[in-house]
Amino acid sequence: HPWITFKDACNVRSPQDHVGVVHSSNLCTEITLNTSQDETAVCNLGSVNLSKHVTLEGKLDKKLLEKTINTAMRMLDNVVDLNFYPTVEAKNSNMKHRPIGLGVMGLQDALFKLDLPFDSPKALNFSDQLMEQISYHAISSSCDLAIERGPYESFAGSKWERGIFPLDSLTLLENERGDTVEVNKITSLDWDSLKEKVKQNGMR
């Protein structure tokens, strides 16, 4: 079935707006990347199995989730270096920008284990808080890898360096459209400290 993705919104929110225009995406549209004559965008993807992060007591194991994310980020970073590239342009893009996507699977299994009806407000709130945790730890882990291995080549000038994180880019989209984006923007984690950490050390 088709996915509908809006190119203008993708470019407004793209963390890599300083190195070109997003023209297209991968098949399922969760990854939008810059392409040019010298670069063919590559997406390097992994998934966290959420059903494996619910305890027998019916609670989300946040410590295990953080550990899994740290391991997954390191594995995805290794994929960029160890992968086979069929074209020079694909390798150029991946080595310069090191794009990865860490998604999730098993959400309905996790909700079942937590005894949360799929369409309930509690399930929506759980999903919102869960994705904030995943985003936070993925960004923090990428920053830790930058300290260890160096930031990605095109980090300078990116939204990351400018302190504009994905949640902040919703405001940019609202300004562009002159309208409100109806999503929950309430956060529970220390994003200001993480922004400072990324500004000082970069992203991998």
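**Getting to know a predicted fold**

Me: Let's start in one spot. Leaving aside its neighbours within four places in sequence, which residues is serine 142 in contact with?
Reply: Keep in mind that this is a predicted model. Serine 142 lies in helix H5. Skip the neighbours up to four places along the sequence, and the residues in contact with serine 142 are Met73, Met203 and Arg204.

Me: Does serine 142 count as buried or exposed?
Reply: The cut-off for buried is under 20% relative accessible area. Serine 142 has 7% relative accessibility, so it counts as buried.

Me: What about serine 141: which residues is it in contact with, leaving aside its neighbours within four places in sequence?
Reply: Serine 141 also has its place in helix H5. At 5% relative accessibility, it counts as buried. Setting aside the neighbours within four places, its contacts are Ile69, Asn70 and Met73.

Me: What share of the contacts with a separation of 6 or more is between residues 24 or more positions apart?
Reply: Contact here means heavy atoms within 4.5 Å. Take the contacts in the protein chain with a separation of 6 or more, and the share that joins residues 24 or more positions apart is 69%.

Me: Which residues touch the most other members of the largest nonpolar core?
Reply: In soluble globular proteins, nonpolar side chains tend to be buried together. Here the largest nonpolar core has 19 residues, and the ones that touch the most other members are Ile69 and Leu102.

Me: Which helix supplies the largest share of this core?
Reply: Helices H2 (62-82), H4 (107-113) and H5 (121-149) each bring at least two residues to this core. The largest share is six residues, and it comes from H5.

Me: How many residues are in the second, separate core?
Reply: Among its members are Tyr136, Ile139, Phe155 and Phe165. The residue count of this second core is eleven.

Me: Which residues is phenylalanine 126 in contact with, leaving aside its neighbours within four places in sequence?
Reply: Phenylalanine 126 is in helix H5, and at 15% relative accessibility it counts as buried. Its C-alpha atom is separated by 9.0 Å from that of leucine 116, which is ten residues away along the chain. Beyond the neighbours within four places, its contacts are Leu60, Leu107, Leu111, Leu114 and Leu116.

Me: What is the phi of arginine 98?
Reply: Most residues other than glycine have a negative phi. Arginine 98 is found in the loop between helix H3 (88-97) and strand E4 (100-105), and at 9% relative accessibility it counts as buried. It is not a glycine, yet its phi is positive, at about 50°.

Me: Is aspartate 115 buried or exposed?
Reply: Aspartate 115 is another non-glycine with a positive phi, about 60°. It lies in the loop between H4 and H5. The cut-off for exposed is over 50%, and with a relative accessible area of 67%, aspartate 115 is exposed.

Me: How far apart in space are asparagine 26 and serine 141, C-alpha to C-alpha?
Reply: Asparagine 26 lies in the loop between strand E1 (22-25) and strand E2 (32-34), and it is buried, with a relative accessible area of 16%. Not counting residues up to four places away, it touches Ile31, Cys43 and Leu45. Asparagine 26 and serine 141 are 115 residues apart in sequence, and their C-alpha distance in space is 24 Å.

Conventions:
Residues numbered from 1 in each chain as written. Predicted model: local features only at pLDDT ≥ 70, side-chain atom pairs only at ≥ 80, totals over all residues. Heavy atoms only, no water. Core = buried A, V, L, I, M, F, W, Y, C linked by side-chain atoms within 4.5 Å. Buried < 20%, exposed > 50% of the residue type's maximum accessible area, 1.4 Å probe, protein only. Helix = DSSP H or I, 4+ residues; strand = E, 2+ residues; numbered from the N terminus.
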